[in-house]
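Notebook open, sequence and model loaded. I'm jotting down what I look up as I go.

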Amino acid sequence: MGEEVDTGTNAVLMDERAVRRAIARMAREIVEANAGIQGLVLVGIHRRGVELSELLADEIEKSEGQSTPRGTLDITLYRDDLSVVGPRPVIGASDIPNIEERAVVIVDDVCHTGRTVRAAMDHLADYGRPARIYLCVLVDRGGRELPIQPDFVGRHFDVMPAEDVAVHVPEEDGRLSVELHRIE
Amino acid sequence: MTTKVEFGKDLTGLEGLSSEHITTLLDVAEPFKEISERAIKKVPILRGKTIVNLFYEPSTRTRVSFEFAEKRLSADTVNIAGSSSSIVKGENLVDTARNLEAMRIDMVVIRHGSSGAAQFLAERIPSNVINAGDGQHEHPTQGLLDMLTIRDHTDGIAGRRVCIVGDIVHSRVARSNIWGLLKLGAEVAVCGPPTLVPRGIKELGVHVFKRVEQAIEWADVLNVLRLQLERMKAGYIPSLREYNRFFGVSVARLERAPRDILILHPGPMNRGVEIDSHVADGPHSVILQQVTNGVAVRMAVLYLLAGGSPERAEASKAEGRS
């Protein structure tokens with residue numbers, strides 16, 4: 001169901017306008033699914049998910065006139081692959097508002113294997129028991145290794161395992177776009 | 001993102017580490033602080049790892065701190081105390097460790113009365129070995145938690161003037177502090193009775209103060225060491241009262257300091273000997289924060305050693321997004 005993409009060179013899959021349109025649409029979908037912003041909490045996964053969650057929150061505030069509580073999640077210590085990939089020296093702090101009986105939207109840039117989302121849900125469970133958890137990603141690139149599916153998706157792309165879908169956000173990368181890179 | 005610096009199998013001391021290693025350890029400790037503030041103080045990263053805390057010398061603070069660190073990372077832990085195990089039956093260190101290895105363990109945290117015991121063990125078993133204090137050699141995690149605490153309360157360790165006060169000769173805490181602080185660019189001094197300051201320490205680039213008043217005049221940070229009461233019996237000092245009169249850190253002495261001085265103490269304290277109660281409980285004391293930071297530092301050490309092999313770092317380069 002995803003778009004076929006040209007695998008030849010590095011390519012821009014979504015430019016800034018396309019990303020902003022996708023975020024505006026997902027913001028509307030989130031509010032609609034939740035029937036308003038009552039009890040809604042946006043939680044971004046470090047690092048790019050955090051910035052995307054801020055863009056989503058801005059959109060929601062524009063249409064609903066009210067801000068949504070936000071949190072950040074670093075899933076490093078919940079990964080299942082320490083013995084495979086080794087430790088990471090940069091672990092961001094997690095900062096989670098009250099999620100007890102709230103509708104939590106996990107926001108990330110790319111959904112690939114689903115392992116990050118699995119770790120994020122384990123992490124959230126240590127902070128409380130949300131009424132429900134949604135998953136919102138800018139790009140679904142397929143290749144799932146776990147039975148996890150996003151509820152809100154910016155765009156689907158079918159890409160090869162040897163390719164990397166890179167989401168660029170202003171604070172980290174200086175631009176807002178989705179690009180395809182070949183892994184050397 | 002991968003570790004820029006490689007950590008070996010073991011942590012036996014700070015002397016062999018680079019400033020990048022030490023800075024990485026302190027940086028990694030930062031996010032671990034938050035875990036101990038949560039309602040559920042546990043993350044699953046070391047799930048399934050078995051860690052043995054092998055303590056040949058009595059210890060409450062260090063052992064409990066390591067145990068909390070291990071448990072908050074979800075490792076399984078076993079404590080073995082020297083006084084209540086096969087060690088009293090005459091089993092030697094390597095045999096004890098090999099028997100533990102035969103039960104398939106992953107890490108050993110060792111406290112031992114002999115200098116070099118941690119290194120000796122590290123060379124003989126494949127498990128990770130962490131030194132929790134060996135004789136008069138080093139106590140690396142104490143050095144790290146002292147540095148983390150100093151960093152929390154100042155603009156950084158480089159250029160900071162830190163004076164270690166007390167029994168320097170017998171102190172592994174002093175050694176780990178000296179190595180670590182010098183590597184991070186601090187100015188380091190020691191102060192104590194001549195019988196308790198090692199000869200030749202100036203060659204390391206360490207200042208020596210004979211009077212605690214001079215140390216207070218000079219320092220930004222005082223790390224006050226515990227005066228072990230057995231030192232008096234061995235004749236290093238005439239009496240505890242005299243030690244307090246000449247080297248005790250008191251409010252009266254601190255009031256003459258030209259600036260506010262941060263007060264550290266590795267514990268357990270002898271109140272009224274090396275430190276007065278009003279100082280220990282005073283506004284510039286960060287002694288309890290050292291204890292809090294100790295858990296975070298030990299979590300960082302366990303985390304970095306548990307995954308820190310070169311092959312794994314290699315594998316992480318090929319890691320894709322998820």
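What radius of gyration does chain B have, and what would a compact globule with 322 residues have? I get 20 Å for chain B, and the globule value is near 20 Å, so the two agree. For my own record, the radius is taken over C-alpha atoms, and the globule rule is 2.2 Å times the number of residues to the power 0.38.

Housekeeping before I go on. This is a predicted model, where local features need pLDDT of at least 70, side-chain atom pairs count only at pLDDT 80 or more, and totals for chains, interfaces and linings use all residues. Residues are numbered from 1 along each chain as its sequence is written, while chains are lettered from A and ligands numbered from 1 in the order in which they are written.

**Chain B, overall**

I looked up the box next: the C-alpha atoms of chain B fill roughly 60 × 50 × 40 Å along the principal axes. I find 13 helices and nine strands in chain B (DSSP runs, H or I of at least four residues for helices and E of at least two for strands, numbered from the N terminus). Of its 322 residues, 43% are buried, meaning that 20 or more other C-beta atoms, placed from the backbone, lie within 10 Å of a residue's own. For contacts (C-beta atoms within 7 Å, again placed from the backbone), I took those with a separation of 6 or more in chain B, and 74% of them join residues 24 or more positions apart.

**One helix pair in chain B**

I then checked α1(B), residues 19-35, against α5(B), residues 140-153: they pack at about 70 degrees with axes 10 Å apart. The axes are lines fitted to C-alpha atoms over the stretch in contact, and angles run from 0 to 180 degrees between N-to-C directions. That makes α1(B) and α5(B) roughly perpendicular (65 to 115 degrees). On the α1(B) side I noted L25(B), L26(B) and A29(B), and on the α5(B) side L144(B), M147(B), L148(B) and R151(B).

**Chain A**

Chain A has five helices and nine strands, and along the sequence I read β-β-α-β-α-β-α-β-α-β-β-β-α-β. Its radius of gyration is 16 Å, which agrees with the value near 16 Å for a compact globule with 184 residues. The C-alpha box comes to roughly 45 × 40 × 30 Å along the principal axes. I count 42% of the 184 residues as buried. Among chain A contacts between residues at least 6 apart in sequence, 70% join residues at least 24 apart.

Technical notes: A residue is buried if 20 or more other C-beta atoms lie within 10 Å of its own, exposed if 12 or fewer, and partly exposed in between; C-beta atoms are placed from the backbone. Two residues are in contact if their C-beta atoms, placed from the backbone, lie within 7 Å. Angles under 35 degrees count as roughly parallel, over 145 as roughly antiparallel, 65 to 115 as roughly perpendicular and the rest as oblique.
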